[in-house]
Amino acid sequence: MHEHANGDVQRVADEVTPSGADQEFLALERELTVLFRRARANQGEMAREVHPDLESSAYGLLIRLDELGGQRATELAAYIGVGKATMSRQLRALEELGLVAREPDPADGRAWLVTLTEEGRGRVGRVREARRARYVSQLAHWDRSEVAELARLLHQLNGVMEK
């Protein structure tokens, strides 16, 4: 690959490293590593913006509840990829912070749904709106079709990684 003065990278005839790895996949690995590191750091910042005592790992739970509404603890555990004990501990902490509540599942009186409280919904909404505003600012020089294409490709990548 050759990098031009304007920053564009152009592939040159199937470049492969001495180990046999394609340059494209090495570049993908490098960029995903940077993205994931930044995402973890941002998740911690966003969690603290929701509540100073919120664990960064619990932020994803709040986003899930904000997007889908009430969920059973088992569904949340499966989505996040943790065990029942870890999920119970996280939910207990969120309840103590006043961000979530449990209510009977109307479809099954023996089960409980976890929902955002009004306080939780308001705090999560403010943080998500601020995050979207940062994206708009950071990507203001991008064409909207490029933003849409990035979102489409990330969605496609997430789908592959779920399997």
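**The protein as a whole**

Of the 163 residues in the protein, 23% are buried, where buried means under 20% relative accessible area, exposed means over 50%, and partly exposed is in between, with a 1.4 Å probe and protein chains only. Please keep in mind that this is a predicted model, in which local features need pLDDT of at least 70 and side-chain atom pairs count only at pLDDT 80 or more, while totals for chains, interfaces and linings use all residues. Residues are numbered from 1 along each chain as its sequence is written, and side-chain values use heavy atoms, with hydrogens and water left out.

Along the sequence, they follow the pattern β-β-α-α-α-α-β-β-α-α. The accessible surface comes to about 11,400 Å², and 53% of that belongs to carbon and sulfur atoms; the areas come from the Shrake-Rupley method with a 1.4 Å probe, and for residues only the protein chains shown count as cover. If we take the contacts between residues at least 6 apart in sequence, 42% of them join residues at least 24 apart, a contact being heavy atoms within 4.5 Å.

**The core**

Which residues touch the most other members of the largest nonpolar core? In this core of 21 residues, they are V50, L54, L62 and L94, and a nonpolar core here is a set of buried Ala, Val, Leu, Ile, Met, Phe, Trp, Tyr and Cys residues joined through side-chain atoms within 4.5 Å. At least two residues of this core come from each of α1, α2, α3, α4, β4 and α5, and the largest share, five residues, is supplied by α2.

Let us stay with α2 for a moment, where Y59, L61, L62, I63 and L65 are buried. The cover over the buried residues of α2 includes α1, α3 (73-80), α4 (84-96), β3 (100-105), β4 and α5. After α2 comes G69, which has a positive phi, near 80 degrees.

Turning to L54, and not counting residues up to four places away in sequence, we find that L54 touches A47, L62, L94, L97 and L99.

Now to α5, whose buried residues are G120, V124, V127, R128 and R131. Seen down the helix axis, these buried residues fall within an arc of 100 degrees, so they line one face of α5; the arc is that of the directions from the helix axis to the C-beta atoms. An α-helix has 3.6 residues a turn, so residues three or four places apart point the same way. On the face of α5 turned away from the buried side we find the exposed residues E118, R126, V136 and S137, whereas the cover over the buried residues includes α1 (23-50), α2 (59-68) and β4 (108-116).

R123 is also placed in α5, which runs over residues 118-138. Is R123 buried, exposed or partly exposed? R123 is partly exposed, because its relative accessible area is 23%. The side chain of R123 makes a polar contact with the side chain of E119, at 2.5 Å, and a polar contact is a pair of N or O atoms within 3.5 Å, where, within protein, one must be able to donate a hydrogen and the other to accept it, and residues adjacent in sequence count only if both atoms are side-chain atoms. Leaving out residues up to four places away in sequence, R123 touches V50, H51 and L99.

**H51, in the loop**

Where does H51 lie? H51 lies in the loop between α1 and α2, and H51 counts as buried because its relative accessibility is 14%. A polar atom of the H51 side chain lies 3.0 Å from the backbone nitrogen of D53. Residues up to four places away in sequence aside, H51 touches L97, L99 and R123, which brings us back to α5, where R123 has its place.

Methods:
Helices (H or I, at least four residues) and strands (E, at least two) are DSSP runs, numbered from the N terminus.
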